[in-house]
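User: Could you walk me through how the labels for this structure are assigned? I would like to see each value set against its definition.

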Amino acid sequence: MPSSPKLFPHHGRPSHPSPRRSTVLILGFCLLIGFSGFIFGLFALLRPPTWRNCPYGVPRTVRVVWEKEHPGVLGTGISLEGLDGQRHKVMAFVGIQTGFGSVERRRSLRQTWMPADRQGLQRLEEATGLAFRFVIGKTKEQSKMSELRKEVAEYDDFLLLDIEEEYSMLPYKTLAFFKAAYALYESEFYVKADDDIYLRPDRLSLLLAKERTHTQTYIGCMKKGPVFTDPKLKWYEPLSHLLGSEYFLHAYGPIYALSADVVKSLIALRNNSFRMFSNEDVTIGAWMLAMNVNHENSKALCEADCSPTSIAVWDIPKCSGLCEPEKKLLELHQKESCLQSPIMQSDEDD
């Protein structure tokens with residue numbers, strides 16, 4: 001019977017490689033895999049995030065129409081006028097809550113940290129991944145609506161909600177904002193901010209870009225405190241008997257962020273299933289407590305003055321925002337400490 005042909009007939013080597021050759025082959029294979037992993041990792045680091053690869057053809061001002069309305073309850077259907085139905089990608093959508101009496105505040109914001117022109121807004125979005133819009137409802141006073149239309153035509157930086165703009169309706173407006181923002185943008189986070197804070201968009205971007213293990217995240221400057229039971233006080237809570245003597249942990253109202261999964265869950269719930277408290281920040285905090293989200297406490301979102309790590313500056317605890325914001329915003333913008341390069345450090349209190 002003829003013998004089997006050898007694998008290496010020219011050199012007379014045996015059909016099985018020697019132990020030394022096996023070791024060399026294995027080491028070479030491991031080095032090849034390691035090098036390939038390094039190259040792929042390098043490309044992943046150098047590749048811009050997905051939101052940077054998306055077109056910036058989004059209309060600046062969008063009017064949100066609720067297709068089905070009930071007295072006191074938000075509708076379930078949303079129509080976004082002026083859009084093609086496509087959700088545009090950014091890392092976060094920041095809705096700056098404002099009202100008809102805040103014309104001067106918006107003017108001061110546009111003179112400080114928020115760009116006043118379309119090109120500036122677009123550059124800010126491209127640099128930080130954050131889209132900013134003023135969020136406002138409607139009023140029956142035609143003179144105020146006429147003035148708003150003029151401001152919209154001049155600056156083109158609004159998200160217009162089809163809901164009455166009243167202080168008592170803030171929890172409803174906030175829910176309307178999150179619904180509209182989710183329908184408009186595909187974002188990792190949705191941020192509610194007030195129009196009377198001094199904000200560093202670059203540092204906010206760094207905070208939101210951090211890697212997290214929780215997909216359902218609620219980021220804010222967290223607080224607890226006594227429930228206001230005196231009807232004469234501004235933050236009086238008529239439903240205080242449901243809350244007890246002290247509020248649960250929740251974020252201060254001037255600025256907080258909800259991850260996409262949290263907002264998606266909010267939208268999925270029936271509108272009449274929400275408990276609406278008098279105060280908007282308490283209302284959101286109650287929903288977050290019920291949804292078992294991860295509370296992330298960031299003190300950089302509630303600093304009383306500019307610092308190397310401050311993200312949002314306001315007069316805590318004197319005012320729920322800046323006291324005299326029209327003037328204070330301009331003053332802060334002149335301070336060198338408010339304009340320094342970002343140096344983000346971890347400031348979480350778990």
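Analyst: Happy to. Helices (H or I, at least four residues) and strands (E, at least two) are DSSP runs, numbered from the N terminus. With that naming, Asp156 lies in the loop between H4 and E6. This is a predicted model, in which local features need pLDDT of at least 70, side-chain atom pairs count only at pLDDT 80 or more, and totals for chains, interfaces and linings use all residues. Residues are numbered from 1 along each chain as its sequence is written, and side-chain values use heavy atoms, with hydrogens and water left out.

User: Why is Asp156 called partly exposed?

Analyst: Buried means under 20% relative accessible area, exposed over 50%, and partly exposed in between (1.4 Å probe, protein chains only). Asp156 has a relative accessible area of 24%, so it is partly exposed. Its phi is positive, about 55°, although it is not a glycine.

User: And what makes Asn292 count as exposed?

Analyst: Asn292 has 66% relative accessibility, and therefore counts as exposed. This residue sits in the loop between helix H8 (280–291) and strand E12 (294–297), and it too is a non-glycine residue with a positive phi, about 60°.

User: What makes the unit of E5, helix H4 and E6 right-handed?

Analyst: A crossover is right-handed if, with the strands pointing away from the viewer, the path from the first strand over the helix to the second runs clockwise. E5, helix H4 (residues 142–155) and E6 make a β-α-β unit of that hand.

User: Which residues touch the most other members of the largest nonpolar core?

Analyst: A nonpolar core is a set of buried Ala, Val, Leu, Ile, Met, Phe, Trp, Tyr and Cys residues joined through side-chain atoms within 4.5 Å. The largest has 44 residues, and Trp113, Phe132 and Leu208 touch the most other members. Strand E5 (residues 130–138) gives the most to this core, with 4 residues. A second, separate core of 34 residues includes Leu159, Tyr182, Met222 and Met291.
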